[in-house]
Amino acid sequence: NAQTMRELEDRRKKNLEDIEYVDNLLKSTAKEKNENINEIRVIGKKLSIREKIINEYGEEISLLQFRVELNTLACEMMEDDLKVLGEEYKMSIINAYKATKGNPSVAYILSAKDINQGYKRLKYLQQVARYRRNESELIMDLYTELESTRKKLADDLGKVTDLKKKEELQRMILAGEQQKKERMVQTLTKKEKELKKQLEEKKKIAKQIENEISRIIEEEKKKGSSSTALSRESKLTGSSFESNKGKLPWPVDNGIITSHFGVHRHPVLNIVEDNIGIEITSKERTKAKSVFKGQVVRVFAISGSNMAVIIRHGKYLSVYQNLINIKVKQGDNIETGTEIGEVFMDPTADGKSVLKFMVYSEKTKLDPEQWIVKKRN
């Protein structure tokens, strides 16, 4: 139970840090009043984290309430035991008094008929003394434990009250943020044509990247270095890449995932979009870095979306798009964490940097979130 409580507290602390990061992302938006799809996604991410915090408060409250119930029961049982032990101790004192008929212990022993009876009376008195001493120690120990449990109970009740207040505050903040998002959605709904145009541009970019990957694979086949004929070094690199699934570093130092892989409902339009990768939004000038060692197999420009870099890791490919100031060139062998270039800071999106990151197994699209370490929600 204690471990679970600590885990919940750690998760909540991390989620609050994430919300602070998202708040910083949204500060410029509040000043500029710039409304766009990425801002809605950032707010959506914030809502998601806020809901997790509320759920974690609920889990922690439930754990505390369960512990309160157990400690309440324990207090009741110990109070009953104290009453019983008190009565038994009182009776032992009365019985001892009756046995000696109010005479001092020495007189009780000396009044024996013979030495044997006197010895038995002595042993009896010693046993009674030991019993009373043990009983008194047991009563004191039980009383100390009862007081300690009462204190824990009071502390837990205080924590429950405090957590309920914090949970209610988070719910109020969440309601306000949901209203803000709904207002932005309503505003952007009026720009349906513009949004559809942006979506078409996104599809064109995805198609161009997929075409480049197909071209790379075809070129390698002609050179005799396809996936069926990879060099020994490439096979080892691919094997290492695969064994590090879920452990790869992020391609940027800081950021939140604002667009996920696969088919999702568009945040404004009544349509679905199919993402070939993920989008990571950062609030400052950001450098893109290789998530694993490999070879740069393509550096190319994408019309309206800056530069893209493709790195081969055995049979796997990682793609970094929306870059400027590229630091690598085709044919370079690079290590994990090598700087590839800068993520473009869009002045029309309040200076945020949005990296489009993809992972392929040859021509097969993979979910990048399954490959990078889960350092953020």
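Visitor: How many aromatic pairs does a search of the whole structure find?
Guide: In this predicted model, searching the whole structure turns up five aromatic pairs.

Visitor: And which residues form one aromatic cluster?
Guide: One such cluster is made up of Phe241, Phe292, Tyr316 and Trp371.

Visitor: What does Phe241 touch, leaving out residues up to four places away in sequence?
Guide: With those left out, phenylalanine 241 touches Leu248, Val291, Phe292, His313, Tyr316, Val359 and Trp371, and Phe292, Tyr316 and Trp371 belong with Phe241 to the aromatic cluster.

Visitor: Which members of the largest nonpolar core touch the most other members?
Guide: That core has 26 residues, and those touching the most other members are Phe241, Tyr320, Leu323, Leu355 and Phe357. Two or more residues each come from β4 (278-282), β7 (307-313), β8 (316-324), β10 (339-343) and β12 (352-361).

Visitor: What lies apart from it?
Guide: Another core, of 16 residues, lies apart from the largest one, and its members include Ile205, Ala206, Leu317 and Val319.

Visitor: Changing topic, where does Arg50 lie?
Guide: Arginine 50 is part of helix α2, which covers residues 37-100.

Visitor: Is Arg50 buried or exposed?
Guide: Arginine 50 counts as buried, because its relative accessible area is 5% and the cut-off for buried is under 20%.

Visitor: Which residues is it in contact with, then?
Guide: Setting aside neighbours within four places in sequence, arginine 50 is in contact with Ile19, Gln170, Ile173, Leu174 and Glu177. As for leucine 16, which is 34 residues from arginine 50 along the chain, the two C-alpha atoms are separated by 8.2 Å.

Notes: Residues are numbered from 1 along each chain as its sequence is written. This is a predicted model: local features need pLDDT of at least 70, side-chain atom pairs count only at pLDDT 80 or more; totals for chains, interfaces and linings use all residues. Side-chain values use heavy atoms; hydrogens and water are left out. A nonpolar core is a set of buried Ala, Val, Leu, Ile, Met, Phe, Trp, Tyr and Cys residues joined through side-chain atoms within 4.5 Å. Buried means under 20% relative accessible area, exposed over 50%, partly exposed in between (1.4 Å probe, protein chains only). Helices (H or I, at least four residues) and strands (E, at least two) are DSSP runs, numbered from the N terminus. Contact means heavy atoms within 4.5 Å. Rings of Phe, Tyr and Trp (its six-membered ring) pair if their centres lie within 6.5 Å; planes under 30 degrees apart count as stacked, over 60 as edge-to-face and the rest as tilted.
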